[in-house]
Amino acid sequence: METIISPKNDKIKRAKKLTRRKYQKDYDRYLLEGPHLVREAIASGALPETLFVTSKYMHEQAVRDFYDQTIEISSEVAQHLAETPTPQGMFAVMPLPHEELPTDLNGSFLLLDAIQDPGNVGTMVRTADAAGIDTVVLGNGTADAYSPKVLRAMQGSQFHVRVVSANLNHLLSQLKAAGVPVFGTELNDQALPYTDVAPTTNFALVMGNEGNGMDPELLAQTDQNLYIPMRGRAESLNVGVAAGVVLFHLLA
């Protein structure tokens with residue numbers, strides 16, 4: 001088995017580049033960090049191109065299964081590759097997924113409209129996974145699904161839920177044509193408390209930008225806008241928390 005002890009090694013330099021969107025697109029690969037995420041990837045059927053592991057993880061099942069693709073690295077190299085202060089010692093170069101929307105648009109959809117915070121994006125994908133959502137759609141201006149911060153926040157849920165990028169204006173037209181109810185999240189005179197809507201498995205829920213809310217063009221296409229009544233004095237909820245509250249009600 002090959003061993004790499006220097007961060008200046010060409011394979012390590014290439015792997016490090018795969019944390020950035022430009023190089024992910026150029027190489028059609030991305031870098032996954034941490035044993036939990038690597039295990040989730042392999043369990044889902046995604047095959048690593050290369051595994052980089054420290055001696056601590058040399059007895060992992062992943063190493064046994066992909067021995068020919070495994071390279072042992074030093075702690076210094078692990079520190080260089082890591083996007084976290086404490087490196088976890090296992091990294092995988094993975095093929096970049098090219099998920100597409102289903103041809104049959106029936107089902108449940110969470111649409112993210114210009115959600116900029118990577119933690120919020122990852123949290124909502126993870127929450128959608130927990131609630132039972134079929135598809136999460138990242139609209140224009142939304143943080144990239146394969147940035148290191150989003151990958152950490154998703155905690156492997158991208159392997160359980162379809163995650164795609166699409167133009168939300170176009171998609172809303174398609175959903176409405178397919179008879180899928182579209183719910184917005186905007187407090188206005190026509191908005192209903194989310195509990196007034198009966199649970200269903202066929203809907204699209206749009207969550208808007210953290211600061212500006214939903215794009216007015218998207219808002220104009222919703223069938224009904226929902227809000228979460230506040231019992232306390234807070235003016236609003238974090239967008240990820242709000243998504244969780246509404247999703248778990250709709251999919252109850």
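A residue is described here as buried when its relative accessible area is under 20%, as exposed when that area is over 50%, and as partly exposed in between, for a 1.4 Å probe and protein chains only. The structure is a predicted model, in which local features need pLDDT of at least 70 and side-chain atom pairs count only at pLDDT 80 or more, whereas totals for chains, interfaces and linings use all residues. Residues are numbered from 1 along each chain as its sequence is written, and side-chain values use heavy atoms, with hydrogens and water left out.

The interior was examined in terms of nonpolar cores, each a set of buried Ala, Val, Leu, Ile, Met, Phe, Trp, Tyr and Cys residues joined through side-chain atoms within 4.5 Å. The largest nonpolar core comprises 51 residues, and Leu32, Leu110, Leu112, Val136 and Met207 have the most contacts inside it. Helix α10 (residues 239-250) provides the largest share of this core, six residues. Helices (H or I, at least four residues) and strands (E, at least two) are DSSP runs numbered from the N terminus.

Contacts, defined as heavy atoms within 4.5 Å, were listed for individual residues. When residues up to four places away in sequence are not counted, Leu112 touches Val121, Met124, Val136, Val137, Leu138, Gly139, Thr142, Leu168 and Met207. Asn106 is placed in the loop between β5 (90-95) and β6 (108-112) and is partly exposed, at 45% relative accessibility. Apart from neighbours within four places in sequence, Asn106 is in contact with Ala178, Val180 and Asn202. The C-alpha atoms of Asn106 and Ala204 are 9.6 Å apart, although the two residues are 98 residues apart in sequence.

Side chains of opposite charge can pair when their charged atoms come close. A salt bridge was assigned where a side-chain nitrogen of Lys or Arg lies within 4 Å of a carboxyl oxygen of Asp or Glu, and the structure holds nine of them. One of these joins Asp144 to Arg21, with 3.4 Å between the closest N and O atoms. Asp144 is in the loop between β7 (135-138) and α7, and Arg21 is in helix α2 (residues 21-27), so this pair ties together parts that are 123 residues apart in sequence. Asp144 is partly exposed, with a relative accessible area of 24%, and Arg21 is partly exposed at 38%.

A salt bridge also forms between Glu60 and Arg39, at 2.6 Å from N to O. This pair links distant parts of the chain, 21 residues apart, with Glu60 in the loop between β3 (50-53) and α4 (61-65) and Arg39 in helix α3 (residues 35-43). Glu60 is buried, with a relative accessible area of 15%, whereas Arg39 is partly exposed at 40%. The side chains of Lys176 and Asp223 meet at 3.0 Å, N to O. Because Lys176 lies in helix α8 (residues 168-177) and Asp223 in the loop between α9 (216-219) and β12 (224-227), the pair ties together parts that are 47 residues apart in sequence.

Grid points are joined across faces, edges and corners, and a volume is the space filled by probe spheres set on the points. One cavity of 30 Å³ or more is found in the whole structure. The largest cavity holds about 80 Å³ of space, and its lining consists of Thr19, Leu31, Leu32, Glu33, Leu37, Leu81, Glu83, Pro148, Leu151 and Arg152. At least two of the lining residues are supplied by each of β2 (29-33) and α7 (148-154).

The largest pocket has a volume of about 570 Å³. It is lined by 24 residues, among which Thr185, Leu187, Ser236, Leu237 and Ala242 are the closest to its centre. The largest share of this lining, three residues, comes from α10. The second largest pocket has a volume of about 360 Å³. Of its 20 lining residues, Arg21, Asp144, Tyr146, Val164 and Ser165 lie nearest its centre, and β8 (162-165) gives the largest share, three residues.

Methods: On a 1 Å grid over the protein atoms alone, a cavity is a set of points where a 1.4 Å probe fits but cannot get out, and a pocket is an open set with protein on both sides within 12 Å along at least five of seven lines; lining residues have an atom within 4 Å of a point.
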